[in-house]
Structure formats: structure tokens, C-alpha cells
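Visitor: I am new to protein structures and would like a guided look at this one. Could you take me through it step by step?

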Amino acid sequence: MLSKLSVIAGSSSEELARKLSRKIKANLVKSEIKVFPDGESKITLSGNISKRKSIVVQSIYPPVDTNLIQVLSLISKAKEISSEVIVVIPYMGYARQDREFLPGEIVTMKVLGKLFKGAGASKIIAVDIHSMIGFKYFTIKTRNVSAIPDLVQYFKKLGLKNPIVVSPDQGGKDRAKEFAKKFESEYITLEKKRDRKTGKVQIKTKNIEVVGRDLILVDDMISTGGSIIKATQFLKKQKCKRVYVACTHALLMNDAEKKIKKAGVTSIISANTIPGRTSVVDVSNTIAKAII
Ligand code: R5P
């Protein structure tokens, strides 16, 4: 029997889309991608798209612009058939470009708002979007869901002794606070400074009391690893015990994972918004709850 819902799996989120389709009992539509030598994507869909409601799932991680044009194409096709198109962007690339930090910078999240609407999306669901400011520019419905409860469940099974949750910067304070509340532990926030031109980060915090304790650094994303490395080096100097990292989106560009381990991190645990070795926490249930 044909389901009233269809999940259209973008190439960057195949596995997550498959899990989601099972949870919401939707028909799975797969996409086959061919990227031509000049970089253009050709997408071929297989499966039945529901006339009622489609859910397009595609993360916007590198190659960011390729994955972006692919999701826009999927939305556009879905809208030709379905009366409602919900778009799940597990990792919302461009979300850090949500304001003009330096004069002349273009706020790309404004552009994304127009593109998603123009392609035919009725609603966007993101997981731990970098900041809610980005969604302010969207004129269609938006929703952000948190991977923190799923990450906390994972960490509860690790049996850490007397742990403290640490945010590497002030911007992540609420995230660390939420993690700590669910994890039933204390939390602290470091002060980080990023050079807007070079991207280099520094930890400005002087001293904290973490001697002999296990720490969980909580962040929304790891890109170059710069923030986590600087925070870990600082925490190790404070004579903490082990440092774990809990993050939603592990981009881990280039050799970031190696550098983070070298800085002294015991383990990186991330959600499956971006597939990868560290992405052991499944958020399909959390996304399913936001759809049904
Ligand atoms: C910054 O505000 C974010 O929450 C992350 O801490 C940051 O984007 C991670 O980037 P990177 O790994 O390059 O330091």
C-alpha cells in the first residue's frame, strides 16, 4: 500500500533519511547522483512521491554548494507532485553567516531563506542550527530540534566519574547548561576570542577548578577543530582528567580529528546529522517527533 508520506533521501543524508522513513512509516524515495566533471549535479529519483506530503532530507555539509543545489532541486521536484514539502536539513550549512560581522559581508542566510521558499518548501526543520538568528530571515515555517537529549543519553552510559560539562565559548553557554541539566552535572563556560579575519581562536579564561575531573566539552559543531583544540589545551593545563567532546555536527575538516586527539581528547561523540566515524548518536527519532 502506498503511504501518505514520502521521504526523499538526498545523497548527503541517505542513512538518516532511511531511518526516518521507517520511523514515520513513509515511502522512501532514493536519489541517484551523477556529478559531471564540471561540477554540475544530475539527480535521478526512484520511488513514488506522495501527492499529499513529502519530506526531503539533505544535510548541507561539504561540498556545501553542491549539497545546497541538490536539496533545492529535490524540493522543486517534490513540489511538482506533493501539496506540502517539509525539508529536513540535519546540518544547516551557512548558518554561521547570519549577520554582517565585518562591513560589506553578505548575510548568506538571507539568501537561503529566499531560495528554500522559491524552490517550494513549506517548512524547514534543522538540528541544532548554529543560531536562531539565521531563521529570522525565513518567511516560511522553521523549527530547530536539539540533539542534546540524544547525546546526553549516550554519555550517561559511559559511566564518567564526577564529570563537568564545559562550553568552549559564551555563545554555547545555553547548550552546555541544557546538557548539564539533563546530565545532572555542573557546567562552566570558557571565554573564547576569534579573530574575524584569520579565524584563529584564543581562550581568554584564566583559571578554573577542574583538577582530576572528567570533562565533556559540548559544542554545536566542529569544523577545523580550532575551538576544541584550544579549549582542550587550556583544560589540560588546569590538570583535568579526561576530556570528551560531545557535538552535534562533526564536520572535522582535513585532519581535525587527528589534531583534536593529539591535543588530548579521549573521544569525540557526534550525531548522525553528518555521517562519519564519530557520528554514533542517532537523531532520527528526534526528527520524527518534529514531523508527526
Ligand atoms: C562557534 O561559535 C561554533 O559554535 C563552533 O565552536 C565553531 O564554529 C567550531 O569551528 P572550529 O572547529 O573551526 O573552531
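Visitor: How far is an oxygen atom of the ligand from an N or O atom in the side chain of Arg96?
Guide: First, a word on the source: this is a predicted model, in which local features need pLDDT of at least 70, side-chain atom pairs count only at pLDDT 80 or more, and totals for chains, interfaces and linings use all residues. Residues are numbered from 1 along each chain as its sequence is written, and side-chain values use heavy atoms, with hydrogens and water left out. A polar contact is a pair of N or O atoms within 3.5 Å; within protein, one must be able to donate a hydrogen and the other to accept it, and residues adjacent in sequence count only if both atoms are side-chain atoms. For Arg96 and the ligand oxygen, the distance is 2.9 Å.

Visitor: And which distance separates a polar side-chain atom of Lys192 from an oxygen atom of the ligand?
Guide: Asp219 also has a side-chain N or O atom by a ligand oxygen, at 2.6 Å. For the polar side-chain atom of Lys192, the distance to a ligand oxygen is 3.5 Å.

Visitor: What percentage of the ligand's accessible area does the protein cover?
Guide: Accessible areas come from the Shrake-Rupley method with a 1.4 Å probe, and for residues only the protein chains shown count as cover. On its own, the ligand has 370 Å² of accessible area.

Visitor: How many residues surround the ligand?
Guide: A residue is near a molecule or strand if one of its heavy atoms lies within 4 Å of it. The closest to the ligand are Asp219, Asp220, Thr224, Gly225 and Ser227. By class, the shell has 2 nonpolar, 6 polar and 6 charged residues; here Ala, Val, Leu, Ile, Met, Phe, Trp, Tyr, Cys and Pro count as nonpolar, Asp, Glu, Lys and Arg as charged, and the others, Gly among them, as polar. The number of residues surrounding the ligand is 14.

Visitor: Which element gives the largest share of the shell around the ligand?
Guide: Helices (H or I, at least four residues) and strands (E, at least two) are DSSP runs, numbered from the N terminus. Strand E10 (192-194), strand E12 (215-222) and helix H6 (226-237) each supply at least two residues of the shell. The largest share is 4 residues, and it comes from E12.

Visitor: Let's turn to the aromatic rings. What kind of aromatic pair do Phe135 and Phe138 form?
Guide: Rings of Phe, Tyr and Trp (its six-membered ring) pair if their centres lie within 6.5 Å; planes under 30 degrees apart count as stacked, over 60 as edge-to-face and the rest as tilted. By this rule the count comes to 6 aromatic pairs. Phe135 and Phe138 are 5.3 Å apart, centre to centre, with 75 degrees between the planes. That makes their pair edge-to-face.

Visitor: Which residue has its charged end over the ring of Phe101?
Guide: A charge sits over a ring if NZ of Lys or CZ of Arg is within 6 Å of the ring centre and within 35 degrees of the ring normal. Over Phe101, the charged end is 3.9 Å from the ring centre, and the residue is Arg196.

Visitor: Why does Lys239 count as exposed?
Guide: Buried means under 20% relative accessible area, exposed over 50%, and partly exposed in between (1.4 Å probe, protein chains only). Lys239 is in the loop between H6 and strand E13 (243-250), and its phi is positive, about 65 degrees, although it is not a glycine. Lys239 counts as exposed because its relative accessibility is 59%.

Visitor: Is Leu252 buried or exposed?
Guide: Leu252 lies in the loop between E13 and helix H7 (256-262). Its phi is near 45 degrees, a positive value in a residue other than glycine. Because the relative accessibility of Leu252 is 15%, this residue counts as buried.

Visitor: Which residue does a cis peptide bond join to Pro62?
Guide: Omega at this bond is about 0 degrees.
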